[in-house]
Amino acid sequence: MSQKIIFPSASDMPSTAISQGDMAFNKTGSWRYLRPLYVEKLAPCRQTCPAGTDLPRMISLITQEKFLEAYSLIRRHNPFPAVTGRVCYHPCETHCSRAPLDGCIPVQALERFVSEKGLEQATIGKVSESQSGSVAIVGSGPAGLTCAYFLIQEGFSVTVIEAEKELGGMLRIGIPAYRLPRKILDQEIESITGFGIETISNCRVGEDVSFESLKRDYDAIFVATGAHRSRSINLGGAVSGLGFLNAVNNGNAPEVGEKVIVIGGGNTAIDAARVALRLGAEPVVVYRRSRQEMPATDEEIHAAEEEGVDLRYLASPDSIVKKDGRLEVTFQGMKLGEMDASGRRRPVPIPDSNFSLEADTIIEAIGERPDLSFLSATDEELSIVIGGDARTGPSTVVNAIASGKQAAASIMHYLQRSGEALTVSPLELSELVTPAQVKLDYFAAQERAVIPRTAAEGRINNFKEIIETFSEAQAVQEAGRCISCGVCNNCDSCWLFCPESAITRVNGGYQINLDYCKGCGICAQECPRGVVSLIEEGI
Amino acid sequence: MSTAFAVDTHVVTGNHAVSHGARLARVQVISAYPITPQTQVVELLSKMCEEGELDARFLKVESEHSAMAALIGASAAGARAFTATSSHGLALMHEMLHWAAGARLPIVLANINRSMGTPWSVWTDQNDSLSQRDTGFMQVYCESNQEVLDSVLQAYKVAETVHLPVMIVLDAFVLSHTAEPVEFPSQRMADRYLPPYQPRFRLDTSTPAAFGGLTTPENYMELRFKLQKAMERAVNEFQVADEQFNQIFGRKYGLVEPYRVDGADLLLITSSTATSTARDVIDALRSEGRKVGLLKIRLFRPFPSDLVRQVIAKVKKVAVIDRNIGFGVGGIFAQEVRAALYGYAQIPVFGFVAGLGGRDITPTVIRKIVDYADSRTEQENLVWMGVRE
């Protein structure tokens, strides 16, 4: 206890001022006006993921070599990790906090690695029906199957209706095998339908079965028919990009001849050109704006350039004429003008700048739109949900997954008669980690692993997958670079730096002894990943 | 002699001699902030830590103040702690130097003497270290790179006996960046000389205690009394440590070193590298028949007054060369010598200030000092050598 000590002589004293007992009586917590709290926050990777996948924890599980646990975790958010692990536009990487230090974490490659482990080893059992309610899902693309996946697991009876012969929608029709091998796609779709989803293929709603009959037979309907109707400039003589990709992807590759002109600048245009290249042609992509405005992802454009695809900019087709059994396209030269509604600079014709190119095949890939003609004007009911590309127009796989998820939530709420649909995801309510909370000074720069891929010369004459999966060692090493923004990974910084020793390690976490915590804030300052927050006392 | 006791000779700078001294002392925590002309000391130590040659924690900190603060924590927790600094870095540490000594922590600090600004300078003089005279740090001024390495080992030996910190001091560039042959003793020899540190008190969360807490007037003075007693004891402990060093390594330095004092009328007093130059000048003057001797002062704190008096008892006149200036009084070593002599001997003690801001103290300068003192009988407190007045 606190008491005054008078030593009889200097020789009775210690050589320096040191308390003669412990100081536990001195509860320094009474000095505190700020209180530290462990508040996990949203990492930018997770926040920007449309599917809301818990990426920091997935990566953490990889570092612990718990690959199947990581797979189950991803699948709680996204039924298609093998697909998104290949074809996602990965905003998670673009916004990774580590990027300014030594490059982002290769999140997509890690997701792909985990999906491979999962598809090899995870077992899927049928889910028994436990809810009253049957749902018809029109379209088996990523939106439709995602919706089916979440509903079946909640015990609803689910039927997926597909117009084509095989399931997959745009994944199967539009994405070439060198980006998404058919075997992987098949496996992943089976891993979804295997829960007990009824599937009906070769059945086009509006032709083979009426929408009215679906309304009669099911309690709710999710319309996820995608955007398959190709836009056209109506010059005649051109084939649609999507039709061309579908034919090739289904084993009916057409004869394209030697010279192929692809008109457009989106991913379909780039895919069509790269597929034509693999069929032995010399493709030329002509886009009316510049590279900067191209809607295709930079990775795809770059891959096409590597493979030697001839990309030409600032030209718009004017006319197509048949000439000696070949086609001749006349292009109008363009320049960039003012910004348009899309935020890109508008192409403006340059007078007297026409030029011509000859081709054996002309592919138009200037966009697709949904076809919802099978719906009637009176179909605006709560029991009918429209999602995916069918609602938004052409978008990305991960956005379709997100839409399928939201549709499942809406339908569940509707069928359980709980009133309104779930509109706000809990993620949107979480606090985002700020760049200032992530202390890069704590991390030594470490070169990012190179994702193994086949060089251009080895891939231009075949449809084999270009990118390979990380080895276990590579995956664990790359996962180890993750800062784990906003998510405690027991690094002990708070525990080490607490000048009062008021932090103790308990049950894989930490506890702050508020009797002694002075609220100095050092734990919050030193937490390299922004987990410790300070709040004012009495609030 | 077995190979374990073999000695390797390396040509190294004074800075690297400091690093190797710290390595051989098996320091456990190094905390430092870079500053010219010290940086090489900790640069080599950080490399040793990285390469596993030295099993120590190297802490990069944001200032010299923090460097010493970190060492105070480390030393209180029972680690052998080391840092190096210079000039403004040492000045920034000032508060923590008092704290380290008051806490009775055996930290060793190497200070490379560099002049204080303004004006900006990187060259040697002693005002940085001598400004820390009353902090409770012991101070050892070194003349050669070998002495530097050896003094680091001796410093820990004494520091851990009397529980006070030590400052090893060497001249910027003249020693810090000049390479000369240095014998590196084997680790086994160093270990035999310097066993692991055994703290008396230890910061340990399993037996919590408060360190350095508020001490009322009833007790404060006794703690200061004990610190002074430890300083007084250290004079003897330095001699013991030097003798033990001699037994293992075959070298000793003394706290002061008299040179050709027998039969001298005039005694020149120097410290640091000016001593080597002075030794040559004394040899030349002796061969000319001049009755002049030399005394090197190696230990400045605690000041070995008795030893200084014993040597001075043999001469008639003293000339002190100070590479420093105590503004308003004169050279600081000269004041110390006069204070030691007061009441014991009534002979003139001439005070010469030379070599400030790294200006060379050449044989010519030393000869002029001897001639000046020889030709005068009345004491002059402060004579500026080589100043264009």
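**Reading folds, loops and contacts**

Colleague: Is A:Asp324 buried or exposed?

Modeller: With 7 C-beta neighbours inside 10 Å, A:Asp324 counts as exposed. The rule places C-beta atoms from the backbone and counts the others within 10 Å: 20 or more is buried, 12 or fewer is exposed, and anything in between is partly exposed. Keep in mind that this is a predicted model, where local features need pLDDT of at least 70 and side-chain atom pairs count only at pLDDT 80 or more, while totals for chains, interfaces and linings use all residues. Residues are numbered from 1 along each chain as its sequence is written, with chains lettered from A and ligands numbered from 1 in the order in which they are written.

Colleague: Where does A:Asp324 sit in the chain?

Modeller: Look in the loop between strand 11 (315-323) and strand 12 (326-339) of chain A. Those names are DSSP runs numbered from the N terminus, with helices being H or I of at least four residues and strands E of at least two.

Colleague: What should I make of the backbone angles there?

Modeller: Most residues other than glycine have a negative phi, and most peptide bonds are trans. A:Asp324 isn't a glycine, yet it has a positive phi of about 50 degrees. A:Glu65 also has a positive phi, near 60 degrees, and lies in the loop between helix 2 (55-63) and helix 3 (67-75) of chain A. A:Glu65 counts as exposed because it has 12 C-beta neighbours inside 10 Å.

Colleague: Which residues does a cis peptide bond join?

Modeller: One such bond links B:Gly117 and B:Thr118, with omega about -5 degrees. B:Thr118 is in the loop between strand 5 (108-113) and helix 5 (127-130) of chain B. Another links B:Arg301 and B:Pro302, again with omega about -5 degrees, and B:Pro302 is in the loop between strand 12 (299-301) and helix 10 of chain B.

Colleague: How do I read a sheet, and what is the strand order in chain B?

Modeller: Strands pair if DSSP finds at least two bridges between them. Chain B has an open sheet of 6 strands in the order 9-11-10-13-14-15, with mixed pairing. Strand 9 (256-259) and strand 15 (383-384) of chain B are at the edges with a single partner strand each, so one side of each has no neighbour in the sheet. Strand 9 runs antiparallel to strand 11 (residues 292-297) of chain B, joined by 4 bridges; B:Pro258 has B:Leu295 as its bridge partner.

Colleague: Which strands does helix 10 of chain B touch?

Modeller: Contact means C-beta atoms, placed from the backbone, within 7 Å. Helix 10 (residues 305-312) of chain B packs on the sheet, touching strand 9, strand 10 (266-270), strand 11 and strand 13 (317-322) of chain B, and makes about 10 degrees with strand 9. Angles run from 0 to 180 degrees between N-to-C directions, using lines fitted to C-alpha atoms, for helices over the stretch in contact.

Colleague: How many residues make the contact between the chains?

Modeller: Chain B gives 19 residues and chain A gives 13 residues. Helix 8 (residues 217-249) of chain B gives the most to chain B's side, with 6 residues.

Colleague: Into which domains is chain B divided?

Modeller: Domain bounds come from an automatic or database domain assignment. In chain B they give domain 1 (3-249) and domain 2 (256-384). Their C-alpha centres lie 28 Å apart, and the contact takes 25 residues from domain 1 and 20 residues from domain 2 of chain B.

How values were computed. Two residues are in contact if their C-beta atoms, placed from the backbone, lie within 7 Å.
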